[in-house]
Amino acid sequence: MDFTPTEEQEAARELAARIFADLATHERLRAAGGGTDTELWKALCAAGLPGAVEETGLLGLVMLLEEQGRVTAQVPFAASCVYGILAVTRHGTEEQRARLLPGLRDGTTVVTGAFPEPGAVTSRDGRLSGAVEWVPWLRDATHVLVPDGNGTLWLVRTEDATRVDPVELTAPWSAGRLVLDGAPGERLGDGDGNGDGGSAGNGDGGSAGESAGGGGVGGAAGADVLAAARIAFAGLQAGVCAGSLARAVEYTSVREQFGRPLSTHQAVQLRAADAHMDTEAIRVTAYEAAWRFDEGLDATGAALTAAWWASEAGKRVVHAGQHLHGGMGADLDHPVHRHFLWGRQLDAYLGCGTELLAELGDLLAEGDLS
């Protein structure tokens, strides 16, 4: 493994960091409320960052999502890149790539993913029926990627969905409830769910539920997209945790107790050190999984490992970040509280640690974990 970023990856990360730092400020996030910051989304797309993922790969996307997570920027960057750009690039036909990718690059097309419980969505003659209780960024999406019970991927225009009901989550992700009742869908790929872009999943090791981490989805394309989603959102969690810890370090360095900064107390130092180690574990497992994915290796087990660390360790870090702020951490308007909310939401979206660990155990028992 070589985690050294390429020049393109490093340039994209630096550009993303500047844009997020300039526009995803506490004041702007507070003004955005529970919705998307459309100006920030336009700035990211104008800078070519969604399109850059085609060149930088999943590892490059993970690095960009770290920068988003640091400031909890409210844009559908992760969803549209992993369920849109990467999915279409790897599994779409040439015609689909030519038609869909330009809009995904400039942000006029936004795709999110609805991975339901097995059997919750069925397809017949190109029409889908079923319901998914909550889908992140659905209210911003023009299309939603939905796997049927066989793992075949379908693109459904949100305007063709039977219903899209707003749903408020812990984090402000513009989520919605998706209801399909014979809604028309476009099969992604050449008929077998693979297109001609390859797959990092092994075809029967992936799974999906109401979150990106539960249930079961067969088919190589469905498993591939699920693995990519787990890795991408683990990268987002790494950034959320890094941002929470940075705020805690800054706060405890200036806040004094008994005439000494809080950061000089051993208990505070140990709590921050544990949070730092957890954050690095999330980052390195996400990087490893993304590297395997980009190299065309089986990334199913690595994706589960990254998701488990993001779920379990992520909770510890955002709780520590809030705890180290003392009474300020209980202020719902304090910036660190957003990191806490995002960390808990990502834990739920990834499937919660026990579910992921059970699935990883099944892979080990089956001997499918490379």
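The following legends describe close-up views of a predicted model.

Local features in this predicted model need pLDDT of at least 70 and side-chain atom pairs count only at pLDDT 80 or more, whereas totals for chains, interfaces and linings use all residues. Residues are numbered from 1 along each chain as its sequence is written, and side-chain values use heavy atoms, with hydrogens and water left out.

**View 1. An open sheet of four antiparallel strands.** The strand order is β2-β3-β7-β6, with antiparallel pairing. Strands β2 (121-124) and β6 (163-167) stand at the edges with a single partner strand each, so one side of each lacks a neighbour in the sheet. Neighbouring strands of this sheet are turned by 10° against each other on average, direction ignored. Such axes are lines fitted to C-alpha atoms, for helices over the stretch in contact, and angles run from 0 to 180 degrees between N-to-C directions. Strands (E, at least two residues) and helices (H or I, at least four residues) are DSSP runs numbered from the N terminus; two strands pair if DSSP finds at least two bridges between them.

View 2. Strand β2 pairs with β3 (residues 127-135) in the antiparallel sense over four bridges. Threonine 122 stands opposite serine 129 in β3, and serine 123 has leucine 128 of β3 as its bridge partner. Two residues lie between the strands of this hairpin, and aspartate 125 in the turn has a positive phi of about 55°.

**View 3. The salt bridge between arginine 28 and aspartate 37.** The structure holds 19 salt bridges, each defined as a side-chain nitrogen of Lys or Arg within 4 Å of a carboxyl oxygen of Asp or Glu. The side chains of arginine 28 and aspartate 37 meet in one of them, at 2.8 Å from N to O. Arginine 28 is partly exposed, with a relative accessible area of 24%, whereas aspartate 37 is buried at 10%. Here buried means under 20% relative accessible area, exposed over 50%, and partly exposed in between (1.4 Å probe, protein chains only).

**View 4. The salt bridge between glutamate 54 and arginine 105.** The side chains of these two residues meet at 2.6 Å, N to O. The pair links distant parts of the chain, 51 residues apart: glutamate 54 lies in helix α4 (residues 49-71) and arginine 105 in helix α6 (residues 94-106). Glutamate 54 is partly exposed at 27% relative accessibility, and arginine 105 is partly exposed at 34%.

**View 5. The salt bridge between aspartate 278 and arginine 316.** The closest N and O atoms of this pair are 2.9 Å apart. Aspartate 278 belongs to helix α8 (residues 266-294) and arginine 316 to helix α9 (residues 300-323), so that distant parts of the chain, 38 residues apart, are linked. Aspartate 278 is buried at 11% relative accessible area, whereas arginine 316 is partly exposed at 42%.

**View 6. Nonpolar cores.** A nonpolar core is a set of buried Ala, Val, Leu, Ile, Met, Phe, Trp, Tyr and Cys residues joined through side-chain atoms within 4.5 Å. In the largest core, of 94 residues, Leu61, Phe77 and Tyr83 touch the most other members. Helix α7 (residues 220-254) gives the most to this core, with 16 residues. Another core, of 14 residues, lies apart from it and includes Ala114, Val121, Leu128 and Leu138.
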